[in-house]
Amino acid sequence: MNKTDRLLAILLELQQRKVMRAEDLAPLFETSVRTIYRDIQALSEAGVPVIGAPGQGYSLMEGYFLPPIMFTAEEAVALLIGTDFVEQRFDAEYGEKARASRKKIESILPDRVRADAARVRKTMRLLAPGSKAALGEERDYLELVRRAILEERKLEFHYAKNMPDSKGNRKSFRSAAPYGLAFLQGSWTLIAWCDLRQGIRHFRLSRMKDLAILEERFEMPPDFHLENYRPPDDRNLLVRVLASPGIADRVKESGNYYMENLEECEEGLLVSFRVRRPEEILHWVLGWGSDVVVLEPQSFRDRIRDEAEKMFKRY
């Protein structure tokens with residue numbers, strides 16, 4: 001930490017903790033007590049009203065460094081939860097920035113607002129599903145992808161597709177120009193120009209392996225803006241299923257991405273899906289066992305019957 005950053009950090013500590021001794025500040029910033037004395041002197045010479053009380057420590061004059069914008073408890077909670085999300089879901093560098101931001105926000109809050117915000121945050125929890133190992137690898141890749149986007153350099157990686165191609169292959173090697181990142185359904189997704197497919201494609205970071213940044217550069221298309229980007233919807237196949245009354249509520253709560261419409265009837269719950277291929281919801285349907293029946297298309301009914309026969313032969 002350089003001197004300028006340390007001086008600001010000392011200010012934040014004094015504002016938040018009110019009174020601190022040089023002996024307490026020194027280990028916090030991994031420096032000597034003598035260096036803290038010099039820092040306090042530098043702050044005083046810069047016009048910061050630092051008050052030193054023998055045997056007690058340093059403090060700031062009452063009313064100094066008041067924030068220009070006063071947050072309500074609800075506004076503070078919104079900001080602090082945002083830092084929680086960044087710390088959990090972004091890479092290590094941004095995680096560290098989120099922790100620093102949270103500390104700065106808390107330091108400028110009046111005591112009452114800080115207490116109210118802390119009380120509200122205790123009643124809320126941001127859960128991060130998934131294994132820590134997978135999340136750690138995804139975070140590593142997130143940092144690389146983010147750097148490649150900023151430097152406008154291409155990426156290469158091995159990729160495991162969700163569905164096999166016409167030859168039954170799921171794995172492929174790709175090089176791509178990264179345009180942006182989106183957080184979808186609990187996972188980070190790269191939006192990029194794929195050299196293999198010669199078009200914009202989406203790649204989940206969790207399905208990447210051996211990701212590397214290339215020296216080759218690219219130019220971002222002037223007409224591409226991530227905030228306005230909407231992928232073409234090529235889900236043209238309608239699949240309708242009937243869920244038994246006993247699981248209707250759980251089906252509603254499942255929130256399947258391809259689910260398009262829900263309709264209650266005497267027999268149960270009619271569910272409509274819009275997919276590219278029936279295989280995209282194959283495991284979802286099988287997971288409910290006999291409580292879900294495919295109504296259409298007939299080809300998908302036949303596929304479910306074949307899978308059920310294969311399962312029967314295993315038992």
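Start by selecting the open sheet of 5 strands, which runs in the order E6-E5-E4-E3-E7 with antiparallel pairing. Here strands (E, at least two residues) and helices (H or I, at least four) are DSSP runs numbered from the N terminus, and two strands pair if DSSP finds at least two bridges between them. This is a predicted model, where local features need pLDDT of at least 70 and side-chain atom pairs count only at pLDDT 80 or more, while totals for chains, interfaces and linings use all residues. Residues are numbered from 1 along each chain as its sequence is written, and side-chain values use heavy atoms, leaving out hydrogens and water.

Now colour the edges: strand E6 (199-204) and strand E7 (208-217) each pair on one side only. Next, pick E3 (residues 153-160), which is joined to E7 by 5 bridges in the antiparallel sense. Zoom in on Arg153 and you will find Arg217 of E7 opposite.

Move on to the largest nonpolar core, with 21 residues. Such a core is a set of buried Ala, Val, Leu, Ile, Met, Phe, Trp, Tyr and Cys residues joined through side-chain atoms within 4.5 Å; buried means under 20% relative accessible area with a 1.4 Å probe, protein chains only. Select E8 (237-243), H8 (248-254), E10 (268-275), H9 (282-287), E11 (292-296) and H10 (298-313), each supplying at least two core residues. The largest share, 4 residues, comes from E10.

Then click Trp284: beyond four places in sequence, Trp284 touches Val241, Val251, Ser254, Asn256, Met259 and Phe273, a contact being heavy atoms within 4.5 Å.

For the last stop, show Tyr141, Leu190, Ala192 and Ile213, which are among the 20 residues of a second, separate core.

Terms used: Buried < 20%, exposed > 50% of the residue type's maximum accessible area, 1.4 Å probe, protein only.
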